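Subject: Structure for your review

Dear colleague,

Please find the structure below, together with its sequence. I would be grateful if you read the notes that follow with the structure open beside them.

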There are 2 protein chains.
Amino acid sequence: MIKNIIVKDARFPLKGGAGSDAVHQNPIYSYTVACLYDDKGNCGTGLAFTLGAGNELVCAAARFYGEKLIGKDLTEIMASFGDWFRQRSDEQQFRWLGPHKGVVHLALAAVTNACYDLWAKQQQVPLWKLLLNLSPEQLVNTLDLSYLEEVLSRKEAIDMLAEASDSRNTREQILQNGYPAYDTSAGWFNYPDEQLEANCKQALEKGFRALKLKVGSRNPDTDIRRANIVRNVVGPDIKVMVDANQQWNLPQAISIGKRLADINPYWIEEPTHPDDVLSHKILADALAPLKLAVGEHVPNKVIFKNYLQTGCAGFIQVDAVRVGGVSEFITVSLLCKKFGVPVVPHVGDMGQLHQHLVLFNHIGMGHEALFLEHIPHLREYFVNPASIVDGHYQTPQEPGSSCDLLSINSFAG
Amino acid sequence: MIKNIIVKDARFPLKGGAGSDAVHQNPIYSYTVACLYDDKGNCGTGLAFTLGAGNELVCAAARFYGEKLIGKDLTEIMASFGDWFRQRSDEQQFRWLGPHKGVVHLALAAVTNACYDLWAKQQQVPLWKLLLNLSPEQLVNTLDLSYLEEVLSRKEAIDMLAEASDSRNTREQILQNGYPAYDTSAGWFNYPDEQLEANCKQALEKGFRALKLKVGSRNPDTDIRRANIVRNVVGPDIKVMVDANQQWNLPQAISIGKRLADINPYWIEEPTHPDDVLSHKILADALAPLKLAVGEHVPNKVIFKNYLQTGCAGFIQVDAVRVGGVSEFITVSLLCKKFGVPVVPHVGDMGQLHQHLVLFNHIGMGHEALFLEHIPHLREYFVNPASIVDGHYQTPQEPGSSCDLLSINSFAG
């Protein structure tokens, strides 16, 4: 039985240019933290990620959703979580503010993720294991597949999971090897050239085989110069991703994208406005075979469906602390599997939650184990920070989804 | 000089099934009301519309934007309002919560609309007149055309307005005749058949030549029965629009849409999820020549651009109290003119603000004067309620945008 929910506003200023991109010059990493307490002394922690002052709006909205859980039996809710999720996301009092996007959807993510964390803690297993233990039917019961009918029916979802289940043992080795990571913190926007060069060398020494560079400067020559620095340092075999954080309009993206092709980027991330599916399609056609990555700011499964239908997304970066939580993350991952597009999450959670989800996507759904973004700047604040060894996430073994925060956990339920 | 801003949370419960649709069973019409005070004793009132408890989140966000106006000169801000608007809509502290959608964008609408209202009051003219008095360059300076470069350049926008300006006098007669209205309140979702029938008769008696019926029932036969009642009462010459409020998935929309074609609806409104541009395209192709109307829940110019690019929207229902206010409404109206699609706003403002905007769209931009939605349920709360005579909005003559509310105006600045 769920006894109480407390929502906390947690802010973590970063130092020395860390986290900077073409939009955010002085980012304050912020979490809406939903703490869900049961009557057995368990506390489920669910995060939504934001950047700064707006976090308090998300906290207020999360309290609204969270109160609807009090007095309920979690096992019952999780047995048909897809229904619960759809009811909450269509709440009369909040639906106008979306639907299914922005403050209200971020808030629903925090509460949803707290449910999954508590569910796993009650069963004393890590979240990846809980998800793998569910039957295809049980798993699909946690999803809301509405507005996807023409591309993914319930039966098709169950069949996909059942089929992947048959070949699981060929993919379970990753639990020992660890899931590959890529380094986002080599090339933040405000890092000077010397620091960028040093960071790239350090990334290689740490065992990373892929890293990211922030672009989207007012002067495209700056982007090209920095991209060349990175490629020169890491050599031809390391994957280099460039991330424009939506700073380009379509004509700019076409022009700069063609110039960046010279350094052979593995993808171009968020080239333009995240709502602009058709511009991404035009851009993808113009830059092919260079691929685009999108998803960090895409709020829900419906827009992801449109991205997949146009075929313009080479990589889908759905983030479980941006869309409506673990449930919608899995829904989008199923859509991607259907369309044959890899899922490489954006990690607003610093990879804490996503290290579980990508293991499930690979083992339970048959997605390729490409790599998972790694951002270390908040590791000192987590109770069980993700552990990266030789460029690989070590499989988490503690019960839950690894989202407990030291500063939050000291509050009593 | 702007001296102060006060943001009020105004709620208006409706009675007897009024305002009900397939999503909202007991709607509470709510306004975030931004009151902007200058040092001459003027108060500019700007609205954003929501439905219920979430309104307080929008109010909190509006205070954040509004405070940035204090101490500023309004004339200076309005001289390049497009720049101000872009800066605000990309504010680091709030951008992650959108961008350009949901709570933060609604909040920006309230503040933006207060600026336009105050601007018109300072010049002692109604807003429609203020907009018509601007030169094409001045008007385009109030717009943010970013992310539209491939379809609408600044020069093209100015040229379109200049060209429309040459033929203005042929369209100014509407100021005397009044802008045609259509009746939304005949067919709310929860009205029983007898009330529906009586309302339709009453609408005809009041001079309306077009009215709307809410559909999207769990049982499609209910929709068909009600649609037939309406058509039988009003006869073949009256325009009947049906509004599904997003309740159908794509297969349902195709199936029910084909059945509804029998009563010859003028449009089908919000047939499915408002983010699902591609499903609207598939549906429009399946139901042609029947046309779709979308926009009530479309948050910004970028998504409207995609709707226009696919050609699936027969009518664009952009709402200036849903997108980022008057400025973005005009931007979207220019896009529609470029693509040859009529603008028929959804009136979250009950038509108070939009009666000004459609006059500008017709006279200043050359849009067809089709009709404007009319919803009378809040008229007792406005200082200058819209006046409908023989099915036509009477041209407002008071200074400003007609958005002052009686309950709010009693507060001192």
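Predicted model: local features only at pLDDT ≥ 70, side-chain atom pairs only at ≥ 80, totals over all residues.

Residues are numbered from 1 along each chain as its sequence is written, chains are lettered from A and ligands numbered from 1 in the order in which they are written, and side-chain values use heavy atoms, with hydrogens and water left out.

Aromatic rings

The whole structure holds 40 aromatic pairs over all chains. Rings of Phe, Tyr and Trp (its six-membered ring) pair if their centres lie within 6.5 Å; planes under 30 degrees apart count as stacked, over 60 as edge-to-face and the rest as tilted. Why is the pair of A:Tyr266 and A:Phe315 tilted? The ring centres of A:Tyr266 and A:Phe315 are 5.2 Å apart and their planes stand at 40°, so the pair counts as tilted. A:Tyr266 sits in the loop between helix H12 (250–260) and strand S7 (267–269) of chain A, and A:Phe315 in strand S9 (residues 315–316) of chain A, 49 residues apart. Helices (H or I, at least four residues) and strands (E, at least two) are DSSP runs, numbered from the N terminus.

A:Tyr266 is partly exposed at a relative accessible area of 25%, whereas A:Phe315 is buried at 4%. Here buried means under 20% relative accessible area, exposed over 50%, and partly exposed in between (1.4 Å probe, protein chains only). A:Lys239 lies over the face of A:Tyr266, 5.0 Å from the ring centre; a charge sits over a ring if NZ of Lys or CZ of Arg is within 6 Å of the ring centre and within 35 degrees of the ring normal.

Nonpolar core

A nonpolar core is a set of buried Ala, Val, Leu, Ile, Met, Phe, Trp, Tyr and Cys residues joined through side-chain atoms within 4.5 Å. The largest one has 286 residues, and those touching the most other members include A:Tyr31 and B:Leu131. A:Tyr31 also belongs to a cluster of ring pairs, which includes A:Phe12 and B:Trp96. B:Leu131 touches B:Tyr116, B:Leu139, B:Ile330, B:Leu357 and B:Phe360, leaving aside residues up to four places away in sequence; contact means heavy atoms within 4.5 Å.

The two chains

The contact takes 56 residues from chain A and 56 residues from chain B. Between them the chains bury about 5000 Å², with 59% of it on carbon and sulfur atoms. A:Gln92, A:Trp96 and A:Leu97 supply 18% of the area that chain A buries against chain B, more than any other three residues. Buried area is the accessible area (1.4 Å probe) that two parts lose on being put together, summed over both.

Salt bridges

A salt bridge is a side-chain nitrogen of Lys or Arg within 4 Å of a carboxyl oxygen of Asp or Glu. There are 44 salt bridges over all chains, and four salt bridges between chain A and chain B. B:Lys101 pairs with A:Asp275 in a salt bridge, with the closest N and O atoms 2.8 Å apart. Within chain A, A:Asp243 and A:Lys214 meet in a salt bridge (2.8 Å, N to O). A:Asp243 is in strand S6 (residues 239–243) of chain A and A:Lys214 in strand S5 (residues 210–214) of chain A, so their pair ties together parts 29 residues apart in sequence. A:Asp243 is buried at 0% relative accessibility, and A:Lys214 is buried at 6%.

Yours sincerely
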